Amino acid sequence: MKNTPIDCKIIDEAINEMHITDLSKATIREVKAIAAKAEEISGVEFIKMEMGVPGLPPSAVGVQAEIEALQNGIASLYPDINGLPALKQEASNFVKAFINVDINPEGCVPVTGSMQGTYASFLVCSQSDEKRDTILFIDPGFPVQKQQLVVMGQNYETFDVYDYRGDKLRGKLESYLSKGNISAIIYSNPNNPSWVCLKEEELKVIGELATQYDVIVLEDLAYFAMDFRTDLSIPYQTPYQPSVAHYTDNYVLLISGSKAFSYAGQRIGVTCISNSLYNRTYPGFVKRYGGGTFGTVFIHRVLYALSSGTSHSAQYAMAAMLKAANEGKYNFLKDVSIYGERAHKLKEIFIRHGFHLVYDKDLDQPVADGFYFTIGYPGMKGCELIKELMYYGVSAISLDTTGSKQEGLRACTSFIKDHQYDQLEERMQLFEKNNPISKK
Ligand SMILES: Cc1ncc(COP(=O)(O)O)c(C=O)c1O
């Protein structure tokens, strides 16, 4: 029996009690529950890296604006289904200031988080043309988005971008798009879970093919401008957050308050639909709704049916945060750059003890330090590593659940506390000793 910080039996029993047969398929909540149980029984603190939840205080600008709005009585009023005009205007300014694209306020639509933004987008894209009944994921990705498609009964296809970066991306995408059944392509950039950031040349390929095959790109910017290798924090000034919006007119940008502004609890985001897509008609809309454009179906049919708009006070918060950022009065990226600093330290410890980064490069450049990183250990499959690390009081999720074909885990930096670097160092020293690489 190996000497480990947490008795293996405690972990094994917690896993058995939850009837989990394959840990690599365990959801984030299941991993969290096992870690909580083991922590309670053993009294040993876990280094929790499974949850992708912001670990910072919410943006003060947002909180203040929201309190004021509530005190002014807006809670009793239904919000405008199109969105608060001030938020629509600030969102339009924001995409100009930080991406350098022009989107009319009309197409900037508040949603109850990007989760609702993708749900509504998936619906509208899928309804546009009955021949196009499939969404394509450039994976790895955020597992709940596939769950959304399962809930609505829509098909999806997926490939792991790991082997298709750079020049290889075009051929791979065309192999799907040429079949004619894809309505939309989705990816996140920076990417959850790998923190890969697609380069301009890759976004160009995606944009060109979206135009050529007439598909819609859903660009999920949940981690807006959080590629800390480059300072993207100055409004109306290069460098900008890279975006497919520069290479096609068929796009929807999903901007979230959750991570960049640490505002996840209020469920607020903005879905920004390109001017040309907003006004576009599709045969599927005529059949289902008797008419409408992408934008009007999105707002007046789908969002209306889903939630009749977005929490009124949270819209005031988001408007204030975007306004302050646009005016250069609030550097939201400074608040969240701590995630990058944590990733840097954590990666260094893991690598020194024999681990490697699974997604390690953006073409020729090492991936950025940010909210997530991916780790593997020689000779261990993801399902083995996730369990083995739990014996050392470290919890993370398997890449298996994210559409990745690689063996390894996703680690999130958001809950790491300052005293835990020493803890991790000590535990990984022991891990390395107990799992010598040469014998594998
Ligand atoms: C890639 C990605 N998209 C969307 C979301 C959800 O964003 P929101 O909280 O705005 O619904 C997350 C949250 O973890 C995410 O990682």
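This is a predicted model: local features need pLDDT of at least 70, side-chain atom pairs count only at pLDDT 80 or more; totals for chains, interfaces and linings use all residues.
**View 1. Seven strands line up in an open sheet.** Read across the sheet and you get the order β2-β8-β7-β6-β5-β3-β4, with mixed pairing. At the edges stand β2 (108-111) and β4; each has a single partner strand, so one side of each has no neighbour in the sheet. Neighbouring strands here are turned by 20 degrees against each other on average, if you ignore direction. As background, strands of a sheet pair through backbone hydrogen bonds, either parallel or antiparallel.

**View 2. Strand β3 pairs with β4 and with β5.** Six bridges join β3 (residues 134-139) to β4 (residues 155-160) in the parallel sense, and F137 has T158 of β4 as its bridge partner. To get from β3 to β4, the chain passes through helix α6 (residues 143-152), making a right-handed β-α-β crossover. With β5 (residues 182-188), β3 also pairs in the parallel sense, this time over four bridges. Look for I135 opposite A184 in β5.

**View 3. Another open sheet has four strands.** Its order is β9-β12-β15-β14, and the pairing is antiparallel. β9 (356-357) and β14 (397-398) each have a single partner strand, so one side of each is left without a neighbour in the sheet. Between β12 (residues 372-376) and β15 (residues 409-412) there are four bridges; one to find is I375 with L409 in β15. Helix α14 (residues 338-352) lies across β9, β12 and β15, running at about 5 degrees to β12.

**View 4. Is helix α15 (residues 382-391) largely enclosed or left open?** It is largely enclosed by the rest of the structure, because seven of its 10 residues are buried. Those buried residues are G382, L385, I386, K387, L389, M390 and Y391. Their cover includes helices α1 (8-17) and α2 (28-42), plus strands β12, β13 (394-395), β14 and β15. After α15 comes G393, with a positive phi near 70 degrees.

Note on methods:
Residues are numbered from 1 along each chain as its sequence is written. Two strands pair if DSSP finds at least two bridges between them. Helices (H or I, at least four residues) and strands (E, at least two) are DSSP runs, numbered from the N terminus. Two residues are in contact if their C-beta atoms, placed from the backbone, lie within 7 Å. Axes are lines fitted to C-alpha atoms, for helices over the stretch in contact, and angles run from 0 to 180 degrees between N-to-C directions. A crossover is right-handed if, with the strands pointing away from the viewer, the path from the first strand over the helix to the second runs clockwise. A residue is buried if 20 or more other C-beta atoms lie within 10 Å of its own, exposed if 12 or fewer, and partly exposed in between; C-beta atoms are placed from the backbone.
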